[in-house]
Amino acid sequence: MNFEDYSGVWVFLEEDGDSVAPVSLELLGAGRRLADKRGVKLGGIIIGNDVKHLSTVAFEYGADVVYVYDQEIFTHYRTESYMKALLHCSEKHKPEIILFGATSTGKDLASAVATDLPTGLTADTTELDVEEDTGLLLASRPAFGGNIMATILCKKYRPQMATVRPKVMKALEPEEGRVGELVEESIDVKEDDIRTKVLEIVKTTTKKVRIDEADIVVAGGKGLGSAEGFKLIHQLANTLGGAVGASRDVVEAGWIEHHHQVGQTGVTVTPKIYIAVGISGAIQHLVGMKNSGMIIAINKDPDAAIFEACHYGIVGDAFEILPLMIKAFDQELSRKEVDHAREV
Ligand SMILES: Cc1cc2nc3c(=O)[nH]c(=O)nc-3n(C[C@H](O)[C@H](O)[C@H](O)COP(=O)(O)OP(=O)(O)OC[C@H]3O[C@@H](n4cnc5c(N)ncnc54)[C@H](O)[C@@H]3O)c2cc1C
């Protein structure tokens, strides 16, 4: 394999027909940094039906070139059809790096493509860098139960591939009117070639709390003692208009559903304010919230690891502090409402 044939950093751009997924925009930000360090182009690849217009978004968020496969067969995501397009594009244009969001689509597609190419794939990456001279991608992720950060290299194959967790990288500020090169590609793939058929799309009707999109997350740990004690977390979150997060131990105890779990095996969040109550601060929890704007920890153990990771720490009993906070914020917010009503 001649590595010199490979050039450019690519991002697989996930879309829903109308918009590019936030994680893909974040990856364009990360990819821009890698491409600049290497002195190569940043490419985006979009596969779908009626998706060509989304290339403008990719250019505004940092892409130099966008490869588009705009065909009816790509209306719905299916591993086989998308994999064929990505393999075609990768074999034709030979990028040195391809990044995917660690979403269900990104993980599925990346693993299928890496197997077929074949090349190496680092899953669930949380940090990315590149060696300027060798072009080796340094993809880091928590390993061995989160006790260490492992940096994984793919020394013998190209392209190097990684899936990256949503909300870990930062998107660039979009530059309105920024343009790039649009490369329209297509492949000859027939419906009969694809084994998976989409018969019906059933949209979920359960109301999920999107803690990954909330500005304020109030998260509780085993220190709340019981499902009853955990209700104080819901109350504070309600008062502040925030979402509820939890440690894994709380989820395992059955006090709240898994989609509230923050951390290595849960969700990664980056709210403006993260309030951690009765959470010890295990590394597996920290990796899911350490990039929050402001971290406030409440714990009765002054030596708890969470105090190493927070901006403000309150040493004390959650059952004394939370009711005081709820009362104080309630009063403050109703005072503001009265003032606002007076002004109006
Ligand atoms: C492979 C693997 C993956 C994992 N993934 C995750 C993950 O995604 N997310 C996650 O959270 N964990 C994860 N864990 C588990 C993690 O290692 C910890 O066990 C877990 O985060 C601890 O949860 P906790 O902080 O709620 O409980 P504990 O560690 O039991 O901490 C409870 C804290 O509450 C404090 N406390 C007790 N009473 C009070 C009180 N009245 N007021 C104030 N403070 C009080 C205590 O001082 C203590 O610090 C994972 C572990 C492994 C091995």
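Among contacts in the chain between residues at least 6 apart in sequence, what percentage join residues at least 24 apart? The figure is 65%. Keep in mind that this is a predicted model. A few notes from going through the chain:

1. Overall build. You'll find nine helices and 15 strands in the chain. Along the principal axes, the C-alpha atoms fill a box of roughly 65 × 45 × 40 Å. Of the 344 residues, 41% count as buried.

2. Where the domains meet. On the domain 1 side, nine residues make contact with eight residues of domain 2.

3. Around the ligand. There are 30 residues around the ligand, and the ones that come nearest are Gly221, Gly223, Ser247, Gly263 and Ser280. Sorted by class, the shell has 16 polar residues, eight nonpolar and six charged.

4. Which elements supply the shell. Helix H6 (248-252) gives the largest share, with three residues. Helix H7 (283-286), strand S14 (294-299) and helix H9 (318-343) also each put in at least two residues. If you're browsing the model on screen, those elements are a handy place to begin with the ligand shell.

Methods
Residues numbered from 1 in each chain as written. Predicted model: local features only at pLDDT ≥ 70, side-chain atom pairs only at ≥ 80, totals over all residues. Near = placed C-beta within 6 Å. Helix = DSSP H or I, 4+ residues; strand = E, 2+ residues; numbered from the N terminus. Nonpolar A, V, L, I, M, F, W, Y, C, P; charged D, E, K, R; others polar. Buried ≥ 20, exposed ≤ 12 C-beta atoms within 10 Å, placed from the backbone. Contact = placed C-beta atoms within 7 Å.
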